[in-house]
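Here are some notes from going through the model, meant to be read with the structure open. Tell me if anything looks off.

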Amino acid sequence: MPRVKVRWIAFVPVVALAAAAAPTDETAVKTAIEEFKSLWSPPAGELRGWVIGIQPGSGSSTTPQDRRENDLSLITAGDLCHFVRRAGGVPVLTRKEDTQAAGQEHPDWSRPVQAVSAANCDLCVSIRYAAEGEKPTVSVATAAAADDVRLAAALSEEIGAGAVASGTRNGESPDFVEAVRAQDGLGDMAVCVVDFCLASQSPDSELAARRACLDNARQLYAGLSRFCKSAERRANSTASAVDEDPFTDLEDKWQRLGRSIWPEGSLPEAQLDWFCRVFARVSITNLSLVYFHVSTRRDPDEVILEGRTNAPMVVDGLLKALAGVGVERVRSAVRTLPDTEHLGQHLFGVCRAPMALTHTRPGSAGGVQTQLLFGEPLFLLDRMDDHYLLHAGDGYWGWVHTDVVAPLTAEQFQAYMCLAPAVVRRDVVAGPVTIPRGAKVRIKSAADQDCVVQLPDGAALTVPAAKVAPAGHTAEQAAARVQAALDLLYVPYVFGGR
């Protein structure tokens, strides 16, 4: 099944669609608007410099009750992750999905402990849900450090828990906090575990449960903020660009940015590639939308920038930033994408696989960027052997195998996009062709019983009309969109899914 990627849904678009909704949907919309709680956002910069680990659930799932606890833990952790990021902190989510939990009787704490250790977290909170109990509890490891107790006390105050407990729930051993305390090198990281109660989370109502997760995450954030403000030590913040007047001289701005990355005088030659990577992180707002892969090579008389990007102005900024840290005689040989030398006239494409993941580098070893669905329009950037670098329909770049893409010229792509759009309501399987539910396709013609779908390779496929929903603005379609929006209310964004 496709992974879910949903951004926060506010009531404004719901109201707009409600105008065309059937009377039976108007009640649902009215109720949703009346019960909707505006999404809260923490003060900007409040946690700047803090690296905060978030461990959702126990990681084991052998019963439906276990799965329920894991699901709510993941949702709460995802909400808290957003709050920390909006406050300028760096959230480290140790587990983003439930695949490792399926059928696993005993938790394996080595991976999450390694994750918080590698990220050099300042503190970490483990989030769990329990069927028993009337109010949440906060506990620390048996051999808790002083900061563990202070963090637990701050969280307990905000979530309305009782006294901080020592040890783990139901005799689980070793628990995550115990595993952290047993790990060498993590003595400076404060850690505790919070257990919320399922009994008070309205488990029969999915919407109420998701809203409760959001409320719990906000309370957890308040506790984290309380601890960080009162901490005797300060977090080790990494260098970041200072907010500046956008109308100041750009060349001077780039040079000052370079000096903020390397304030120690002239940049050593051994640090050139490191400087390029850090410059990309602090100067590009969203590295998922902008492809920037630049390194350096030293010639006898100059430094040469090599690589490729779809944002040449960032390369211009990098040249000025290097000048600001004393690197002279730098020349750019960075290729600007899309690269017609590698792609020819086929700068566009359509996904012809049922589903495919794109990655940060060619092959599946790189991190996941996003997910492609059958029929999705693609914008090709480059080609390396049997992989394309492309922009997906959501704007995220990624590498994918050439078998996934039907490359098109501009004329072919325009002809494809001019056909009427439709959404597949139920999986279509016809011989070697599989089109999953949720995919967007193009319709060549439609009748009462059947419609003809344009395939990415130019062929046509006749499918039952009941399996395809043409795009339109009828009252019935608007009502369906309203209901879909209500079903997804309070569902947090999950990176890399569709």
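1. A quick definition before the sheets: two strands count as paired if DSSP finds at least two bridges between them. Bear in mind too that this is a predicted model.

2. With that in hand, take strand S4 (residues 137-140), which is joined to S5 by two bridges, the strands running parallel. Across that pairing, Val140 sits opposite Ser166 in S5. Helix H5 (residues 146-159) packs on the sheet here and touches S3, S4 and strand S6 (190-197). Its direction makes about 30° with that of S6.

3. Zooming out, the sheet is an open one of six strands, ordered S2-S1-S3-S6-S4-S5, and the pairing is mixed. Strand S2 (90-93) and strand S5 (165-166) are the edge strands, each pairing on one side only. There is another helix to look at: H3 (residues 64-86) lies across strand S1 (51-56), S2 and strand S3 (123-130). Helix H3 runs at about 145° to S3.

4. Now the five-strand sheet. This one is open as well, with the order S23-S22-S21-S18-S24 and antiparallel pairing. Strand S23 (460-464) and strand S24 (468-470) each have a single partner strand, so one side of each is left without a neighbour in the sheet. From one strand to the next, the twist averages 45°.

5. Within that sheet, have a look at strand S22 (residues 450-454) and S23: they run antiparallel and are joined by five bridges. Val453 is the residue standing opposite Leu461 in S23.

6. Is Arg308 buried or exposed? Its relative accessibility is 12%, and the cut-off for buried is under 20%, so Arg308 counts as buried. Its side chain makes a polar contact of 3.3 Å with the side chain of Asp382. Leaving aside neighbours within four places in sequence, Arg308 is in contact with a list of residues including Tyr291, Phe292, His293, Met384 and Trp399. Asp382 is also among them.

7. Last one: Glu302, in the loop between strand S7 (292-298) and S8. Which side chain does the side chain of Glu302 join in a polar contact? That of Arg331, at 3.0 Å. Setting aside neighbours within four places in sequence, Glu302 is in contact with Arg297, Arg329 and Arg331.

Terms used
Residues numbered from 1 in each chain as written. Predicted model: local features only at pLDDT ≥ 70, side-chain atom pairs only at ≥ 80, totals over all residues. Heavy atoms only, no water. Buried < 20%, exposed > 50% of the residue type's maximum accessible area, 1.4 Å probe, protein only. Polar contact = N/O pair within 3.5 Å; in protein donor to acceptor, adjacent residues only side chain to side chain. Contact = heavy atoms within 4.5 Å. Helix = DSSP H or I, 4+ residues; strand = E, 2+ residues; numbered from the N terminus. Axes fitted to C-alpha atoms, helices over the stretch in contact; angles between N-to-C directions.
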